[in-house]
Amino acid sequence: MELDDGMLEFFRDIAEVLVTRFGVSPEEAVARVNAVYEGAKIEPYPDLMCHEFPEFWAYRLYFEPKGWRTPDGDPEEDLSGWNVRPAPPKGSRFWTVSDRPGA
């Protein structure tokens, strides 16, 4: 997808939440973002999705929904009853960042 600098930073913030809150690798965080937003039409910053914090979107990328609901980043919420979405398959087109130095 094509992003302006502001939205690129917003998506980087989403990936950073995945790394810091859930311990996924930066490569997996980018793959999760790519898998969900591939082909999405994202407007220049601030796109409508900016009405929510990056945490909200990161939780939607990490957890499987229950009905229409997913955790939303509330630090008080018990996450033990939520299932983690599987990451996109390694080697798929969504893994665009390499974890190998110099690659």
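Modeller: Let us begin with Arg-32, which is placed in helix α2; helices here are DSSP runs of H or I with at least four residues, numbered from the N terminus. The model is predicted, so local features need pLDDT of at least 70 and side-chain atom pairs count only at pLDDT 80 or more, while totals for chains, interfaces and linings use all residues. Residues are numbered from 1 along each chain as its sequence is written, and side-chain values use heavy atoms, with hydrogens and water left out.

Biologist: Why is Arg-32 called buried?

Modeller: Buried means under 20% relative accessible area, exposed over 50%, and partly exposed in between, with a 1.4 Å probe and protein chains only. Arg-32 has a relative accessible area of 5%, and therefore counts as buried.

Biologist: What does Arg-32 contact, leaving aside its neighbours within four places in sequence?

Modeller: Contact means heavy atoms within 4.5 Å. The residues in contact with Arg-32 include Leu-18, Leu-61, Tyr-62 and Pro-88.

Biologist: Which other residues of α2 are buried, and what do the buried residues pack against?

Modeller: Among them are Glu-27, Glu-28, Val-33 and Tyr-37. The buried residues of α2 pack against α1 (5-22) and α3 (54-62).

Biologist: What follows α2?

Modeller: Gly-39 follows, with a positive phi near 80 degrees. Gly-39 lies in the loop between α2 and α3.

Biologist: Is Gly-39 buried or exposed, and why?

Modeller: Gly-39 has 69% relative accessibility, so by the cut-offs already stated Gly-39 counts as exposed.

Biologist: Which element gives the largest share of the lining of the largest pocket?

Modeller: That share, 6 residues, comes from α1. A pocket is an open set of points on a 1 Å grid over the protein atoms alone, where a 1.4 Å probe fits, with protein on both sides within 12 Å along at least five of seven lines; lining residues have an atom within 4 Å of a point. The lining has 17 residues, with Phe-11, Val-30, Val-33, Asn-34 and Thr-96 nearest the centre.

Key. Helices (H or I, at least four residues) and strands (E, at least two) are DSSP runs, numbered from the N terminus.
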